[in-house]
Amino acid sequence: MSEFAFLNGNEAVAWGVRLSRPHVIAAYPITPQTKAVEKLSSFVQNGEMDCKYLHVESEHSAMACSIGSSSVGARTFTATSSQGLLYMSEGLPYASGARLPIVMMNANRSIATPWNIYGDQMDAMHVLNSGWVQLFVEDAQEALDMVIQSFKLAENHDILTPVMINVDGFVLTHTYEKVEIPGQELVDSFLPAIEKAPHLMNDQDPMSLCISAGNQHYMEFKIKQHRDMFKVFEQLESIDRDFEKSFGRSHGGAAAGYRNEDADVILVTTGSVTGTARVVVDSLREQGIKAGLVKLRLLRPFPSDDLFELIGKAGAVGILDKNISFGFEGTVYTNVNSSLLQKGYRGRTFNFIAGLGGRDITKENIEEMFSALLEQKGETVQYFNMGCAL
Amino acid sequence: MKDFKMSPRPLWKSLSDVPMGSSCSSFHICDTNAAWRVFRPVMDYSLCIGCHQCYLLCPDGAIHKEDAKVFRIDYDFCKGCGICANQCKPGAISMVKEDQV
Amino acid sequence: MIKKLNARNIDAKECFYGHKACGGCGESLALRLALKVLGEEAYLSLPAGCMAAVSFIYPNMAFKNNAVITPFASTAAVATGIAAGLEALGKEAPLSVGFAGDGGTADIGIQSLSGAIDRGEKFIYICTDNEAYMNTGIQKSGLTPFGAATTTTPAGKAIHGCVTEKKNMFEIAAAHGISYAATASIGYPEDFLNKVQKAKECDGPAYIHIYTPCPTGWGHGSEITVDLAKEVVDTGLWFLAEYENGEFRLNKKPENFKPVADHLKRQARFRHLSEIEITQIEEMRDRKWEKMLKNWG
């Protein structure tokens with residue numbers, strides 16, 4: 001039986017993990033992820049989860065322990081944020097290259113220096129090329145549900161790729177919402193026990209993992225990994241359809257549109273800011289302005305086809321980036337812009353950089369973004385809610 | 001004692017032949033090490049006292065114990081390092097240049 | 001009572017074969033001997049380093065066992081992750097073993113090793129010490145001994161090789177209150193076999209530090225690898241000891257040390273040393289032994 005509870009994003013993730021019955025959790029505390037690992041620890045210490053919880057001495061070891069446990073076929077979860085994600089970053093391509101179905105929560109947070117504990121998405125962008133599926137959620141319910149879906153996705157034998165669930169720091173991790181916690185039996189039937197992939201270590205046919213491949217073999221290993229990643233789109237949609245049948249909720253595939261079909265201007269968002277943008281779109285629509293929204297749920301693999309279909313013929317597209325690639329532009333913008341160009345999109349594209357280090361992104365800021373799009377005015381890259389002149 | 005059969009070098013026609021992940025079956029051995037050798041250990045069984053030292057101390061495990069008194073050198077994998085001959089107290093193993101064997 | 005292992009009664013089957021290590025490699029001998037005791041059921045973790053580089057080059061895989069190359073810093077973390085995963089999957093008495101070199105243990109891997117020992121999980125860690133970063137071309141590590149020339153501590157005109165002494169890695173492992181720790185040398189192979197057996201039998205984490213000469217890095221003939229590993233113990237420059245039930249114990253107390261100079265001069269890395277420097281090395285040895293005999297005797 002499902003039940004409703006007021007949970008913050010961290011607790012929602014912890015519940016998603018508990019219901020997914022991992023064999024091993026290896027994690028190291030870091031703000032703003034701490035409440036998730038504390039909750040998981042208390043589940044384990046209270047006997048509510050049958051799981052090995054490894055108190056590692058660093059994020060580097062959190063990922064290394066996860067690589068170890070996943071490589072023998074154990075369902076494995078870890079969680080981190082910011083500096084921790086960067087510290088474990090050596091292990092990320094390691095895990096994806098070895099095709100280990102680890103699931104991780106990343107509580108999105110800024111990167112030092114200056115030190116700052118609040119939310120932006122710089123951390124995730126640092127590891128965009130790590131070979132992990134990068135998923136962004138909008139609210140606590142989606143966070144809980146996507147933990148369950150992510151294990152199913154990662155462990156699919158056509159996919160076998162680790163998944164990073166990005167949950168905006170503080171805005172999601174520390175904000176309480178009403179969340180439906182599904183019943184264990186329902187989750188068990190949706191997400192059965194992990195089926196060990198044949199390439200992992202096992203007693204019957206011992207395997208050597210994370211091997212070396214010289215220049216005559218390396219490239220084929222990597223291109224296979226790359227091509228397999230595109231299979232995520234179809235699997236994610238199919239998993240979400242099954243999820244809806246079981247739980248009565250759907251979160252969609254790689255990208256989702258909102259009032260986008262006939263829109264003149266579209267804003268592309270990731271994560272929690274989508275909620276605010278949706279409110280602004282509604283109010284602009286009331287004023288007769290054809291504004292629309294596209295929420296990117298996946299940044300890797302990158303949903304070029306879906307994106308072009310959703311953006312269609314809008315005259316201008318703005319991409320909201322809570323990150324910046326110094327000396328260039330926002331990283332989501334680089335990806336969207338390149339993909340739209342490939343598809344032959346003819347409208348203008350803008351990059352709106354906002355919310356660094358937890359700076360508010362207000363409704364007014366988003367209205368300003370839409371007016372920049374409507375008037376097609378200003379520089380391609382624009383900064384919002386700055387406290388001083390450029 | 002080695003208990004594997006030599007594997008053929010894999011030929012990939014398409015990406016579906018490439019192993020999943022960076023993985024490979026263990027004890028998947030395609031190539032020998034014989035070409036590394038400059039000197040070859042040659043055993044004189046009449047001098048062997050069965051002390052087991054050559055078998056114990058070979059870094060390549062290339063000296064196989066067939067029974068308590070018979071030790072055979074696997075020349076496919078012996079690199080000719082000379083530890084066996086150096087450790088052999090009765091001098092039953094001599095190192096002979098490959099081109100003089 | 002566990003049966004004492006020796007050359008005659010160890011498993012004749014090889015679990016480590018066809019590797020591409022240099023001829024006369026001490027590390028590869030240590031691995032091979034350890035696997036005679038650990039058996040093919042053991043799950044092996046090795047960091048990027050010589051032993052990984054020579055054993056996992058596609059399509060040649062030199063281990064019979066399940067084995068994984070770990071990130072350089074992560075031998076102990078991956079090994080304990082494997083142990084936890086196997087245990088959580090319900091495997092009875094899983095055996096997970098990490099093998100790392102001196103740099104992989106005393107430098108980059110020391111943090112994850114400390115964390116893993118601290119967690120108290122059952123796993124075995126074997127440090128194969130050849131006293132420098134050999135895989136990258138003989139650079140100084142935290143276990144390079146005083147006086148040794150490496151490519152980053154060359155025998156220069158102003159500074160004659162490495163100016164620091166080896167970290168006390170065995171004592172560092174023991175200081176965690178580890179279930180079992182030992183030092184060993186491939187010059188005393190049967191002592192090593194039995195220490196691996198003890199590590200296998202003990203309940204918690206176990207650490208073995210084995211001295212493994214490297215002909216390529218040290219500049220000695222490939223045939224004398226084992227000789228040097230015996231001599232180093234007989235000269236007192238290395239020691240055989242154990243830490244068990246919270247107590248240190250010396251396994252071998254030489255009455256007289258063999259001369260240090262003869263031993264050092266067989267290795268190119270020490271050939272530049274002056275008589276004064278060799279005397280300094282003897283003094284360091286004597287100080288170490290004085291302490292060991294006083295505290296562990």
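This is a predicted model: local features need pLDDT of at least 70, side-chain atom pairs count only at pLDDT 80 or more; totals for chains, interfaces and linings use all residues.
Residues are numbered from 1 along each chain as its sequence is written, while chains are lettered from A and ligands numbered from 1 in the order in which they are written.

**View 1. Chain C as a whole has 11 helices and 10 strands.** Here helices (H or I, at least four residues) and strands (E, at least two) are DSSP runs, numbered from the N terminus. The radius of gyration of chain C, taken over C-alpha atoms, is 18 Å, close to the 19 Å from the globule rule for 297 residues, so chain C is as compact as a globular protein of that length. That rule is 2.2 Å times the number of residues to the power 0.38. The C-alpha trace spans about 60 × 45 × 40 Å along its principal axes.

**View 2. Chain C meets chain A through 35 residues of chain C and 36 residues of chain A.** Being in contact takes C-beta atoms, placed from the backbone, that lie within 7 Å. On the chain C side, helix 3 gives the largest share, 11 residues. By class, that side has 20 nonpolar, 12 polar and 3 charged residues. Ala, Val, Leu, Ile, Met, Phe, Trp, Tyr, Cys and Pro count as nonpolar, Asp, Glu, Lys and Arg as charged, and the others, Gly among them, as polar.

**View 3. Strand 9 (residues 207-209) of chain A pairs with strand 4 of chain C.** Pairing takes at least two bridges found by DSSP; this pair runs in the parallel sense over 2 bridges. Look for Ser208(A), whose bridge partner in strand 4 of chain C is Ala67(C).

**View 4. Helix 3 and helix 5 of chain C cross at roughly 35°.** Their axes come within 7 Å; axes are lines fitted to C-alpha atoms, for helices over the stretch in contact, with angles from 0 to 180 degrees between N-to-C directions. Ala76(C), Ala77(C) and Thr80(C) of helix 3 are on one side of the contact, with residues including Leu113(C) and Arg119(C) of helix 5 on the other.

**View 5. Cys127(C) lies in strand 6 (residues 124-129) of chain C.** Cys127(C) counts as buried because it has 28 C-beta neighbours inside 10 Å; the cut-off for buried is 20 or more, with 12 or fewer for exposed and partly exposed in between. Among the residues that Cys127(C) touches are Asp102(C), Met169(C) and His209(C).

How values were computed: Two residues are in contact if their C-beta atoms, placed from the backbone, lie within 7 Å. Lists of a residue's contacts leave out its neighbours within four places in sequence.
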